[in-house]
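Please read this briefing beside the sequence and the model.

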Amino acid sequence: MPEPPDFLPTHDYLIVGGGAAGLSLAYHLAQEPRLAHKRVLLIEPEAKNENDRTWSFWASEPTLFDGLAVGEWAKIAFRSPGFERVFALGKYRYRTIRGLDFYQFVHQALAARPAQFTVVRGRVASVENLPAGARVTTQEGVLFNAAYVFDSRPPRMQRQPGKHRYLLQHFVGWEIETERDVFDPQVVEFMDFRGKQQHEARFMYVLPFGPRRALVEYTLFSGQPLAKEEYERYLLEYVTNTLQLKPGDYQVIAQEQGAIPMTDHPLPARTGAHVINLGTRAGRAKPSTGYAFQRIQAHSARLVAALAATGHPPPDPTGDRWQFRLFDTLLLDIMQRQGETTRDLFRQLFERNPVERIFRFLDEQTSWADNLRIMNSVAPGPFMRSIAQVLLGRPGQR
């Protein structure tokens, strides 16, 4: 099929979207000397000039963005009825980055390379594969051609609830300041399952930035979000009963709210030969936990390494391993079928495994032997029922 007569790759790489995934890929490209001659166009729908989110992650080695971290912790706490423990993370560190700091840092790096990077505002209407490249059309009718397009727009899924599982990790958080010392600044409250589960997986999450300031978040895994006042009712209950704070003892200085899709619906890593998907569009939010930032960094590094070595993206853009996709599907099935049992599974996981093994497992870096140790550490019943549902080709229902 011949190219349209007006097709001319005006850029080597075109990145659609300036969120975590698009900017991460741009920054990785900027750090690769072998690609310094490539022309990169970034299309953003709007300027990112507010702190619209935070990203937290764990890592056992230094990362590109450690200097942006507003907090770093060497301990986490897990709490559920009958079991509470504070874990030292060993070689791991848990870190948090504010979105605005990340946006500004990457844009400064791109602005320092004006011959390589161009940033334009626009909303993309379509992305089209062509035999020798790809074409992007904005809603304003502007056309851009590139040898490769990297698309980080949110995925559009034709839901198939009789075949796949669709949940959300949704949350509301208060960043609070207190009049007295309340928080242990050395310990992240990673999961506090001591509250009522309401037939779902529900927990509190606390990031302490100091003894008198922390992000306190109420998080659920379920099919539908709540009304905001319902999250706030549980937050107030935690602040009052667990933190032992009265209304005059603290103030809410910032809030955040979000909903992360958690699904085993197939999210392809590429859409044709010249369009590579990024971020949630490529399934980079881990289906069973919602963590995405480090998965995005690993994906960006894999793409850039292949582009630098061969001139092309890798045939397998993500390198995902099938067994971890199966583990995610099984846990999603349990959450959908009997969400309150999630608390018991996580309790068994933390009670019977070193935390470093858990992190390696969630990072999909464990061996078959460690995977067996993980699976043998939790009650088999819920997983056996979900395996049956997978074999039947349909999601489990309550």
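The notes below begin with conventions and then go topic by topic.

This is a predicted model, in which local features need pLDDT of at least 70 and side-chain atom pairs count only at pLDDT 80 or more, while totals for chains, interfaces and linings use all residues. Residues are numbered from 1 along each chain as its sequence is written, and side-chain values use heavy atoms, with hydrogens and water left out.

- Phe346, when its neighbours within four places in sequence are left aside, is in contact (heavy atoms within 4.5 Å) with Phe78, Met191, Phe193 and Leu331.

**Helix 8**

- Asp370, Asn371 and Ile374 are buried in helix 8, which covers residues 368–376.
- Seen down the axis of helix 8, the buried residues fall within an arc of 105° (taken from the directions from the helix axis to the C-beta atoms), so they line one face of the helix.
- These buried residues pack against helix 5, helix 6 and helix 7, whereas Leu372 and Asn376, on the other side of helix 8, are exposed.

**Salt bridges**

- The count comes to 29 salt bridges, each defined as a side-chain nitrogen of Lys or Arg within 4 Å of a carboxyl oxygen of Asp or Glu.
- Glu189 forms a salt bridge with Arg79, with the closest N and O atoms 2.6 Å apart, and this pair links distant parts of the chain, since Glu189 is in strand 13 and Arg79 in strand 5, 110 residues apart.
- Glu189 is buried at a relative accessible area of 14%, and Arg79 also counts as buried, at 16%.
- Arg79, Glu84, Glu189, Asp192 and Arg194 are linked in a network of salt bridges.
- The side chains of Asp320 and Arg284 meet in a salt bridge at 2.5 Å, N to O; Asp320 lies in the loop between helix 4 (293–310) and helix 5, and Arg284 in the loop between strand 17 (275–277) and helix 4, so the pair ties together parts that are 36 residues apart in sequence.
- Asp320 is partly exposed, with a relative accessible area of 22%, while Arg284 is buried at 4%.

**Surface patch**

- Trp322, Leu326 and Trp368 make a nonpolar surface patch of about 350 Å²; patches are made of residues with over 30% relative accessible area and no salt bridge, with like charges joined within 9 Å and nonpolar side chains (Val, Leu, Ile, Met, Phe, Trp, Tyr) within 5 Å.
- Accessible areas come from the Shrake-Rupley method with a 1.4 Å probe, and for residues only the protein chains shown count as cover.
- Trp322, found in helix 5 (residues 322–338), is exposed, with a relative accessible area of 51%.

Technical notes
Helix = DSSP H or I, 4+ residues; strand = E, 2+ residues; numbered from the N terminus. Buried < 20%, exposed > 50% of the residue type's maximum accessible area, 1.4 Å probe, protein only.
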